[in-house]
Amino acid sequence: MKNLTKKNLTIYDKSIIASKQVALRIAQIINENNSKSKKTVLGLATGNTPIMVYQELIRLHKTEGLSFKNVITFNLDEYFPMLPSHPLSYANFMDTQLFNHIDINRENIHIPNGNLNQNEIDSYCKAYETKMDQAGGLDFQLLGIGRTGHIGFNEPGSSINSITRLVTLNPITREDAINDFGGINNVPKQAISMGVETIFKAKEIMLLAFSEKKAEIIQKVIEGEITKEVPGSYLQNHPNVTFILDKEAASVLNETVLV
């Protein structure tokens with residue numbers, strides 16, 4: 001595992017159990033900061049993988065009083081071009097899956113704007129980075145992993161020094177979105193994404209991967225060489241990262257311990 005140790009890897013029998021544990025860790029961070037009247041800054045992800053995490057956070061809010069009033073969020077990415085109101089936008093995803101069901105202040109929600117003119121993108125991305133820094137940096141970053149090894153939309157070839165920017169999506173990534181968009185011609189070719197360096201600034205990172213279809217890329221991310229061709233492999237060198245897997249996603253790792 002290069003610089004990783006067993007403490008960086010937790011494997012669960014079921015993804016629902018894993019998701020609840022991740023939600024509990026997020027809640028712990030929020031509650032600790034709330035008790036000190038401090039803001040909590042979360043980096044959030046979209047896709048199928050984090051949905052159960054968000055469902056548990058909603059439950060904790062509604063039944064156990066978890067408050068998001070002092071939480072600031074920054075999402076990893078958004079398709080480009082993409083109207084925030086589009087049913088398949090990540091802005092709509094976050095509202096549907098989380099924000100509409102908790103007490104977060106809307107002004108504390110930050111999601112890359114996919115409805116910019118080309119000449120606005122560079123300055124917008126720099127401002128997104130500045131907002132994160134001004135908020136105090138990410139306390140926690142939630143990640144999934146794409147079949148190309150992307151974190152955020154940092155596709156193969158992404159530099160470890162990359163920051164928020166416009167990226168071109170890998171053909172495999174676009175293929176994975178075909179069913180959502182009803183055909184490859186409808187899938188956006190670009191996205192605005194946090195960079196690898198941006199993600200690395202997070203004080204704590206948890207990467208979630210569930211199902212057998214993620215097993216091959218997870219083996220490369222965790223046990224393979226650190227390479228720009230598998231951007232997720234950069235995480236091997238993060239000082240506080242945990243890989244949260246179900247047993248199917250961990251099925252081709254060389255050494256595993258089931259929790």
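Predicted model: local features only at pLDDT ≥ 70, side-chain atom pairs only at ≥ 80, totals over all residues.
A residue counts as buried when its relative accessible area is under 20%.

Let us begin with strand S10, which covers residues 241-246. Six of its six residues are buried, so the strand is largely enclosed by the rest of the structure.

Which strands pair with S10? One is strand S1 (residues 9-12), which pairs with S10 in the parallel sense over four bridges. Here you can look for leucine 9, whose bridge partner in S10 is phenylalanine 243. Another is strand S9 (residues 205-209), also parallel to S10, with five bridges. In this pairing, alanine 209 stands opposite leucine 245 of S10. To get from S9 to S10, the chain passes through helix H8 (residues 215-223), making a right-handed β-α-β crossover.

Now let us turn to the charged side chains. The model has nine salt bridges. One of them joins glutamate 204 and arginine 25, with an N to O distance of 2.8 Å. Glutamate 204 sits in the loop between helix H7 (196-200) and S9, and arginine 25 belongs to helix H1 (residues 15-35), so the pair ties together parts that are 179 residues apart in sequence. Glutamate 204 is buried, at 8% relative accessible area, whereas arginine 25 is partly exposed, at 25%.

Lysine 203 is partly exposed, with a relative accessible area of 44%.

A further salt bridge links aspartate 176 with arginine 147, where the closest N and O atoms lie 2.7 Å apart. Aspartate 176 is in helix H5 (residues 171-176) and arginine 147 in the loop between S6 and strand S7 (165-168), 29 residues apart. Are these two buried or partly exposed? Aspartate 176 is partly exposed at 44% relative accessibility, and arginine 147 is partly exposed at 39%.

Finally, look for Glu56, Arg59 and Glu64, which are linked in a network of salt bridges.

Definitions and conventions:
Residues numbered from 1 in each chain as written. Heavy atoms only, no water. Buried < 20%, exposed > 50% of the residue type's maximum accessible area, 1.4 Å probe, protein only. Helix = DSSP H or I, 4+ residues; strand = E, 2+ residues; numbered from the N terminus. Pairing = 2+ DSSP bridges. Right-handed = clockwise from strand over helix to strand, strands pointing away. Salt bridge = Lys/Arg side-chain N within 4 Å of Asp/Glu carboxyl O.
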